[in-house]
Amino acid sequence: MKGLKWAFATFATTGLLLAGCGEDVTQPPKSELMTTNNKDKGVLGDYCWEVEGKENCEKGEDIVETLEKAEAIPATMGTALTLAIDSKDRPTSGELEWVTEEGKKGKEKLKGSLLFAPQDKGIYYYTYTAKWDGSGKKGYKGEAEYYYKLRVQ
């Protein structure tokens with residue numbers, strides 16, 4: 001009987017520990033920008049995220065100020081890039097905007113999660129705005145900005 005109690009206690013403790021190993025649903029999932037040879041995590045910017053009917057909003061810093069000292073992701077002109085969200089619940093829509101060090105701005109068309117590096121060399125600061133409408137498997141609902149710094153060579 002003592003062995004059975006010990007086994008149950010061990011099983012229950014393991015279950016509680018593993019329960020915390022899933023996705024953190026209190027804020028948007030993490031993201032990455034992938035090139036042929038590199039993979040870099042996005043920096044979470046502004047977001048509004050609904051958890052159990054309550055909205056949690058956080059305001060991030062300006063993208064250039066946030067990433068100014070960060071290492072840029074190297075990419076060759078015209079190279080295919082992939083945006084990845086670390087979740088089974090994919091965004092229902094997304095927009096991609098960029099600004100150069102010189103202040104030039106633009107928008108990039110996404111084909112799913114695929115985009116292409118610019119044809120002009122330089123440093124580009126990308127903001128990917130992802131939106132979830134609650135219709136996915138996990139029921140995620142909200143909007144999040146992810147920041148990336150790309151060096152086109």
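1. Disulfide. A disulfide is a pair of cysteine sulfur atoms within 2.5 Å. By this rule the count is one. The partners are Cys 48 and Cys 57, with their sulfur atoms 2.1 Å apart. The link of Cys 48 and Cys 57 is right-handed, with 115 degrees about the S-S bond. For exposure, buried means under 20% relative accessible area, exposed means over 50%, and partly exposed lies in between (1.4 Å probe, protein chains only). Cys 48 is partly exposed at 28%. Cys 57 is also partly exposed, at 38%.

2. Basis of the model. This is a predicted model: local features need pLDDT of at least 70, side-chain atom pairs count only at pLDDT 80 or more, and totals for chains, interfaces and linings use all residues. Residues are numbered from 1 along each chain as its sequence is written, and side-chain values use heavy atoms, with hydrogens and water left out.

3. Confidence. pLDDT is the predictor's confidence in each residue, from 0 to 100. The mean pLDDT of the protein chain is 84, and 85% of its residues reach 70 or more. Over residues 3–21 the pLDDT is below 50. That stretch has zero contacts in the model beyond near neighbours in sequence. Contact means heavy atoms within 4.5 Å.

4. Architecture. Helices (H or I, at least four residues) and strands (E, at least two) are DSSP runs, numbered from the N terminus. The protein chain has two helices and 11 strands. Along the sequence, the pattern reads α-β-β-β-β-α-β-β-β-β-β-β-β. Take the contacts in the protein chain with a separation of 6 or more: residues 24 or more positions apart account for 70% of them.

5. Burial and surface. Of the 153 residues of the protein chain, 31% count as buried. The accessible surface comes to about 10100 Å². Carbon and sulfur atoms hold 52% of that surface. Accessible areas come from the Shrake-Rupley method with a 1.4 Å probe; for residues, only the protein chains shown count as cover.

6. Nonpolar cores. In soluble globular proteins, nonpolar side chains tend to be buried together. Here a nonpolar core is a set of buried Ala, Val, Leu, Ile, Met, Phe, Trp, Tyr and Cys residues joined through side-chain atoms within 4.5 Å. The largest one has 23 residues. Leu 33, Tyr 126, Tyr 128, Trp 132, Tyr 146 and Leu 150 touch the most other members. At least two residues of this core come from each of β3 (43–51), β5, β6 (80–85), β7 (93–100), β10 (122–133) and β11 (141–152). A second, separate core has seven residues, including Ile 63, Leu 67, Val 99 and Tyr 147.

7. Tyr 126. Which residues does Tyr 126 contact, leaving aside its neighbours within four places in sequence? They include Leu 96, Trp 98, Leu 115, Phe 116, Pro 118, Tyr 146 and Leu 150.

8. Ile 73. Ile 73 lies in strand β5 (residues 73–75). Is Ile 73 buried or exposed? Ile 73 is buried, with a relative accessible area of 3%. Beyond four places in sequence, Ile 73 is in contact with Leu 33, Thr 35, Asn 38, Asp 40, Lys 149, Leu 150 and Arg 151. Asn 38 sits 35 residues away along the chain, yet the C-alpha atoms of Ile 73 and Asn 38 are separated by 7.1 Å.

9. Thr 129. Thr 129 is found in strand β10. Thr 129 counts as buried at 12% relative accessibility. Not counting residues up to four places away in sequence, Thr 129 touches Ser 93, Gly 94, Glu 95, Glu 143, Ala 144 and Glu 145.

10. Salt bridges. A salt bridge is a side-chain nitrogen of Lys or Arg within 4 Å of a carboxyl oxygen of Asp or Glu. By this rule there are two. Glu 32 and Lys 41 meet at 3.6 Å, N to O. Glu 32 is buried at 19%, whereas Lys 41 is exposed at 52%. Lys 59 and Asp 46 meet at 3.1 Å, N to O. Lys 59 lies in the loop between β4 (54–58) and α2 (63–67) and Asp 46 in strand β3, so the pair ties together parts that are 13 residues apart in sequence. Lys 59 is exposed at 71%, while Asp 46 is buried at 19%.

11. Backbone check. Glu 52 is found in the loop between β3 and β4. Phi of Glu 52 is near 50 degrees, a positive value in a residue other than glycine. Glu 52 is exposed, with a relative accessible area of 79%.
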